[in-house]
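Q: Could you walk me through how to read the features of a structure such as this one, taking the general idea before the particular case?

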Amino acid sequence: MASPTDPGRIDLGRRDEALLELMDDPDCDLGLLQRTYGVFPLVNGVVAGWGRVYRERLRPLLSAECETRLLDLGSGGGDVARGLVRRAARDGLRLHVTAADPDGRAHDWASARPAPGVDYRRASSGDLVAAGETFDVVVSNHVLHHLDRAARDAVLADSELLARRLVVHSDIRRARAAYAAYWLGTLPLARRSFVRTDGLRSIRRSFSADELRAVAPAGWQVVPREPFRLWLVRESGDRR
Ligand SMILES: C[S@@+](CC[C@H](N)C(=O)[O-])C[C@H]1O[C@@H](n2cnc3c(N)ncnc32)[C@H](O)[C@@H]1O
């Protein structure tokens, strides 16, 4: 039987910013939410392309002698943060990651998974700016599409203040093929977590390259990467 989320029924010609993700409901089922954090490493591993971000953008900045401090903003279950530290350690490079998320449920779940070189903070980008924190590099995964215009503008302004060298916000590029592939690939995960529903909603909320360019402030560059990724990048002179 056809469902309302079938790829053939969905208009992907425009962003659907009115769609809310189930995990954003403060009263959502905690068990399902925790299982969602548990599936993020699998989903992010398949779709988010952090190996490429690491090789192309982060590794060239790292050193074996001097520690680089990186902030993962909106870190959710913390899998991207832990993965980056693992990659750097394999390459003999010194990287410390602060994984920050203002959602106490995400913070609690991540904090129960300690990893060397990672510390978890229950904090928003604004909290970190207010605390006077700075980092060499700021990254995020799947945060931009999540935010309304005011929150997005604030996160981008905060990122500029927080990062001394580089910011990479990585997100989904909205496309019919991405939606269809995710719709099919996550069928087995449908009832056990929010990963399918929220992933499909995320794709519908996400940007095309031109849409992201239209809202990116001066000094930011939109870098489309296949398959179905957009990096919003800002490089600064080293202000150490
Ligand atoms: C869709 S989740 C992405 C989680 C994780 N990065 C991942 O890819 O699995 C978006 C996260 O951004 C967080 N967030 C929203 N606004 C934020 C802000 N201003 N600063 C830091 N995190 C924020 C939310 O609490 C949420 O956990």
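**Reading helix H2 and beyond**

A: Let us begin with the inward side of a helix: in this predicted model, helix H2 (residues 50–58) has as its buried residues Trp50, Gly51, Val53, Tyr54, Arg57 and Leu58. An α-helix has 3.6 residues a turn, so residues three or four places apart point the same way.

Q: Which elements do the buried residues of H2 pack against?

A: Their partners are strand E1 (68–73), helix H3 (79–90), strand E4 (135–141), strand E5 (163–172), E6 and strand E7 (229–235).

Q: How should I read aromatic pairs, and how many does a search of the whole structure find?

A: The general idea is to take the distance between ring centres together with the angle between ring planes, where planes over 60 degrees apart count as edge-to-face. The search of the whole structure finds two such aromatic pairs. In one of them the rings of Tyr37 and Phe40 have centres 6.1 Å apart and planes at 65 degrees, which means that the pair is edge-to-face. Both residues belong to helix H1 (residues 30–47), where they are three residues apart, or about one turn of the helix. Tyr37 counts as buried because its relative accessibility is 1%, and Phe40 also counts as buried, at 18%.

Q: What is the geometry of the aromatic pair that Tyr37 and Trp109 form?

A: That pair is tilted, with 5.9 Å from centre to centre and 45 degrees between the planes. Since Tyr37 lies in helix H1 whereas Trp109 lies in helix H4 (residues 104–111), the pair ties together parts that are 72 residues apart in sequence. Both Tyr37 and Trp109 are buried, and the ring pairs link Tyr37, Phe40 and Trp109 into a cluster.

Q: Which rings have an arginine over the face?

A: Here one looks for a charged group above a ring. Arg15 lies over the face of Phe207, at 3.8 Å from the ring centre, and Arg196 lies over the face of Trp183, at 5.1 Å from the ring centre.

Q: How many residues surround the ligand, and which are the closest?

A: The ligand is surrounded by 17 residues, of which the closest are Asn44, Gly74, Asp101, Ser125 and Asn141. A polar backbone atom of Gly74 is 2.7 Å from a nitrogen atom of the ligand, and a polar backbone atom of Ser125 is 3.0 Å from a nitrogen atom of the ligand. On the side-chain part, an N or O atom of Asn141 is 2.7 Å from an oxygen atom of the ligand. Of the 600 Å² of accessible area that the ligand has on its own, the protein covers 89%.

Q: Is Trp220 buried or exposed, and why?

A: Trp220 is placed in the loop between helix H9 (209–215) and strand E6 (221–225), and it counts as buried because its relative accessible area is 9%, where the limit for buried is under 20%. Not counting residues up to four places away in sequence, Trp220 touches Leu156, Ser159, Glu160, Val167, His169, Leu232, Val233 and Arg234. With Glu160, the side chain of Trp220 also makes a polar contact of 2.8 Å.

Q: Where is His145 found, and which side chain does a polar contact join to that of His145?

A: His145 is found in the loop between E4 and helix H6 (149–162), and it counts as buried, at 1% relative accessibility. Its side chain is joined to that of Ser202 by a polar contact of 3.1 Å. Leaving aside neighbours within four places in sequence, the residues in contact with His145 include Arg15, Asp171, Arg205 and Phe207.

Q: Which backbone angles deserve a look in the loops?

A: The peptide bond from Glu226 to Pro227 is cis, with omega near -5 degrees, and Pro227 lies in the loop between E6 and E7. Phe228, which is placed in the loop between E6 and E7, has a positive phi near 65 degrees and counts as partly exposed, at 24% relative accessibility. In the loop between E4 and H6, His142 has a positive phi of about 60 degrees although it is not a glycine, and His142 counts as buried, at 18% relative accessibility.

Definitions and conventions. Residues are numbered from 1 along each chain as its sequence is written. This is a predicted model: local features need pLDDT of at least 70, side-chain atom pairs count only at pLDDT 80 or more; totals for chains, interfaces and linings use all residues. Side-chain values use heavy atoms; hydrogens and water are left out. Helices (H or I, at least four residues) and strands (E, at least two) are DSSP runs, numbered from the N terminus. Buried means under 20% relative accessible area, exposed over 50%, partly exposed in between (1.4 Å probe, protein chains only). Contact means heavy atoms within 4.5 Å. A polar contact is a pair of N or O atoms within 3.5 Å; within protein, one must be able to donate a hydrogen and the other to accept it, and residues adjacent in sequence count only if both atoms are side-chain atoms. Rings of Phe, Tyr and Trp (its six-membered ring) pair if their centres lie within 6.5 Å; planes under 30 degrees apart count as stacked, over 60 as edge-to-face and the rest as tilted. A charge sits over a ring if NZ of Lys or CZ of Arg is within 6 Å of the ring centre and within 35 degrees of the ring normal. A residue is near a molecule or strand if one of its heavy atoms lies within 4 Å of it. Accessible areas come from the Shrake-Rupley method with a 1.4 Å probe; for residues, only the protein chains shown count as cover.
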